[in-house]
Amino acid sequence: MKLYTLLERTGFRQLAKWLYKVEVAGAERIPPGPVILVAHHESPFDPWIPALATPRPVRYMAKSELWKYRLVGAAMESFGAFPVERGTGDTTALSRAAGLLRQGNVLGIFPQGTSKRLTQRPYHRGAARLALSTGAPLVPVGMTATRRLPSPWGRRRTVIKVGEPIHVDPARPTVAAAKKLTAELERQISRHAS
């Protein structure tokens with residue numbers, strides 16, 4: 001988290017808001033305590049965007065392929081990110097994420113798992129499984145205009161819309177329960193992304 005802390009101290013949050021011409025709506029909906037911010041994934045820059053909706057540090061799961069490159073992996077660790085083997089139900093990553101939530105952290109998840117422009121980018125169930133196993137609320141986040149390169153001179157503003165938290169009672173994270181919760185998340189994120 002050293003790099004995250006350094007960027008906070010040097011005013012990077014304000015710089016990012018200026019570069020992306022960010023407008024945030026609904027930031028007050030992010031509750032205190034453990035929370036899972038869940039957003040759709042359109043750009044490699046996306047991890048910076050939901051983090052602008054809260055002054056709290058956001059911990060992200062990131063694709064494990066990034067850790068193949070030592071310097072990239074070290075940078076990711078310094079930002080507080082940790083690796084996940086996508087599409088495998090990575091129990092190590094899920095256990096680490098659950099531990100962070102139990103400590104009261106904010107966890108950021110992009111359930112589509114990729115920002116590539118693919119025909120099908122289904123939502124994976126990891127965020128729902130974590131919410132069910134820990135009772136942490138899910139907060140849907142919709143974003144617009146994140147695919148463009150950051151520039152304060154562009155015409156389009158980047159809008160972050162934070163939805164109402166989806167409160168989840170701790171329960172066994174069955175496939176059926178996780179599917180139902182994931183479908184609700186996708187509906188809410190789509191509604192706020194338009």
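1. Arg29 is partly exposed, with a relative accessible area of 30%. In this predicted model, Arg29 forms a salt bridge with Glu164, in which the closest N and O atoms are 3.2 Å apart. The pair ties together distant parts of the chain, since Arg29 sits in the loop between strand S1 (22–25) and strand S2 (35–39), whereas Glu164 belongs to the loop between strand S7 (158–162) and H6, 135 residues apart.

2. A search of the whole structure finds two salt bridges, and the other partners to consider are Glu184 and Arg187, whose side chains meet at 2.7 Å, N to O. Both of these residues lie in helix H6, three residues apart, which is about one turn of the helix. An α-helix has 3.6 residues a turn, so residues three or four places apart point the same way. As for accessibility, Glu184 counts as partly exposed at 25%, while Arg187 is exposed, with a relative accessible area of 51%.

3. Glu184 also takes part in a polar contact of 2.9 Å that joins its side chain to that of Gln188, a residue likewise placed in helix H6 (residues 175–193). Gln188 has a relative accessibility of 17% and therefore counts as buried, the cut-off for that class being under 20%. When residues up to four places away in sequence are not counted, Gln188 touches Pro140 and Ile166.

4. Thr134, in helix H5 (residues 126–134), counts as partly exposed at 22% relative accessibility. The side chain of Thr134 reaches two backbone atoms: the oxygen of Leu130 at 2.7 Å and the nitrogen of Ala136 at 3.2 Å. Leaving aside neighbours within four places in sequence, Thr134 is in contact with Ala98, Leu101, Arg102 and Pro170. For one of these, Arg102, the C-alpha atom is separated from that of Thr134 by 7.2 Å, although the two residues are 32 residues apart along the chain.

5. In helix H2 (residues 12–20), the buried residues are Arg13, Ala16 and Tyr20. These three cover an arc of only 60° around the axis, which means that they lie on the same side of H2. Just after H2, the backbone at Lys21 takes a positive phi of about 50°, a detail that a reader may wish to view together with the end of the helix.

Definitions and conventions. Residues are numbered from 1 along each chain as its sequence is written. This is a predicted model: local features need pLDDT of at least 70, side-chain atom pairs count only at pLDDT 80 or more; totals for chains, interfaces and linings use all residues. Side-chain values use heavy atoms; hydrogens and water are left out. Buried means under 20% relative accessible area, exposed over 50%, partly exposed in between (1.4 Å probe, protein chains only). Helices (H or I, at least four residues) and strands (E, at least two) are DSSP runs, numbered from the N terminus. The arc is that of the directions from the helix axis to the C-beta atoms. A polar contact is a pair of N or O atoms within 3.5 Å; within protein, one must be able to donate a hydrogen and the other to accept it, and residues adjacent in sequence count only if both atoms are side-chain atoms. Contact means heavy atoms within 4.5 Å. A salt bridge is a side-chain nitrogen of Lys or Arg within 4 Å of a carboxyl oxygen of Asp or Glu.
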